[in-house]
Amino acid sequence: MEPKSSANVRLWRLAYTRLAAPVVRGVPLRSLLITAVAFGALALATTARAQVNIAPSHSPTLGTTIRGSSATTFSISTSGSVTRLSGNAIRLSNGPVTAPTVSFNCGLLNLGGLCALRPIRVTIASAAAAPMSITKFRISNMTGTTYRTGSAPAEASVLVFELNAIGLLSTVSFNLGMDVVLAGGASSGVQNFPYTVTIQLL
């Protein structure tokens, strides 16, 4: 049971980690991290019961990159196009990637926590660690609700924005883009850029 002092604030979080297959005691590390964070999210969401999804679950990925001698920034648009803004690391593919689509809803006939009737705050933040980092997030194509401010938020290193209540039958979705950085001398190969999406009922 959550404390009364926080009864009107309920959080749930899904952290999507796209790690490239290190193994701990025979279990992929990616599975351990996702399970640990998702389990905590379920404990926090017992009243509100929101359903959150990111598809594809491991997006975005740049494909194979060749190390550069200086830090390299790639900008990924919300449509998936990739532009190298600085540095000398190289992508073996010049094509677009699949940008993630974030979606969530309150679940059919779920009245717990009045999820469908309350405004929502969304926070998107980097969970990446050296030699990878995410320096900027951007969103587009919001459907299923409207921004409380009337317009989409500006790009930011930690993106925070508020939405109007979504109702019982609506699903909110938006496309997510970001600027990612590979440190100078980062290992060649497929790099991953983990981040978290946090939903808070207001």
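**Reading strands, surface and salt bridges**

User: Which residue in β9 stands opposite isoleucine 54?

Analyst: Valine 102 of β9 is the residue opposite isoleucine 54. The model is a predicted one, in which local features need pLDDT of at least 70 and side-chain atom pairs count only at pLDDT 80 or more, while totals for chains, interfaces and linings use all residues. Residues are numbered from 1 along each chain as its sequence is written, and side-chain values use heavy atoms, with hydrogens and water left out.

User: What joins β4 to β9?

Analyst: Strands are DSSP runs of E with at least two residues, helices are runs of H or I with at least four, and both are numbered from the N terminus. Two strands pair if DSSP finds at least two bridges between them. Here β4 and β9 (residues 101–105) run antiparallel and are joined by 5 bridges.

User: Which side chains of β4 point to the buried face?

Analyst: In a regular strand, side chains alternate between the two faces of the sheet. In β4 (residues 51–55), Val52 and Ile54 point to one face and are buried. Buried means under 20% relative accessible area, exposed means over 50%, and partly exposed lies in between (1.4 Å probe, protein chains only).

User: How many strands does the protein chain have, and how much of it is buried?

Analyst: The protein chain has 15 strands and 1 helix. Of its 202 residues, 42% count as buried.

User: Which strands does β10 join?

Analyst: β10 (residues 120–126) is joined to β12 (residues 159–163) by 5 bridges, and the two run antiparallel. Threonine 123 has valine 160 as its bridge partner in β12. β10 also runs antiparallel to β15 (residues 195–201), with 7 bridges between them. In that pairing, valine 122 stands opposite isoleucine 199.

User: What does a salt bridge look like here, for example at arginine 121?

Analyst: Side chains of opposite charge can pair when their charged atoms come close. The cut-off is a side-chain nitrogen of Lys or Arg within 4 Å of a carboxyl oxygen of Asp or Glu. The structure holds 5 salt bridges. In one of them, the side chains of arginine 121 and glutamate 162 meet at 2.7 Å, N to O. This pair links distant parts of the chain, arginine 121 being in β10 and glutamate 162 in β12, 41 residues apart.

User: Are these two residues buried or partly exposed?

Analyst: Arginine 121 is partly exposed because its relative accessible area is 24%. Glutamate 162 is also partly exposed, with a relative accessible area of 24%.

User: Which other residue forms a salt bridge with glutamate 162?

Analyst: Arginine 148 does, with the closest N and O atoms 3.0 Å apart. Arginine 148 lies in the loop between β11 and β12, and glutamate 162 in β12, 14 residues apart.

User: Which residues are linked in a network of salt bridges?

Analyst: Lys136, Arg138, Glu155 and Asp179 are linked in a network. Within it, glutamate 155 and lysine 136 form a salt bridge, their closest N and O atoms being 3.8 Å apart. Glutamate 155 lies in the loop between β11 (132–143) and β12, and lysine 136 in β11, so the pair ties together parts 19 residues apart in sequence.

User: Why does leucine 92 count as exposed?

Analyst: Leucine 92 counts as exposed because its relative accessibility is 58%. Leucine 92 is found in the loop between β8 (90–91) and β9.
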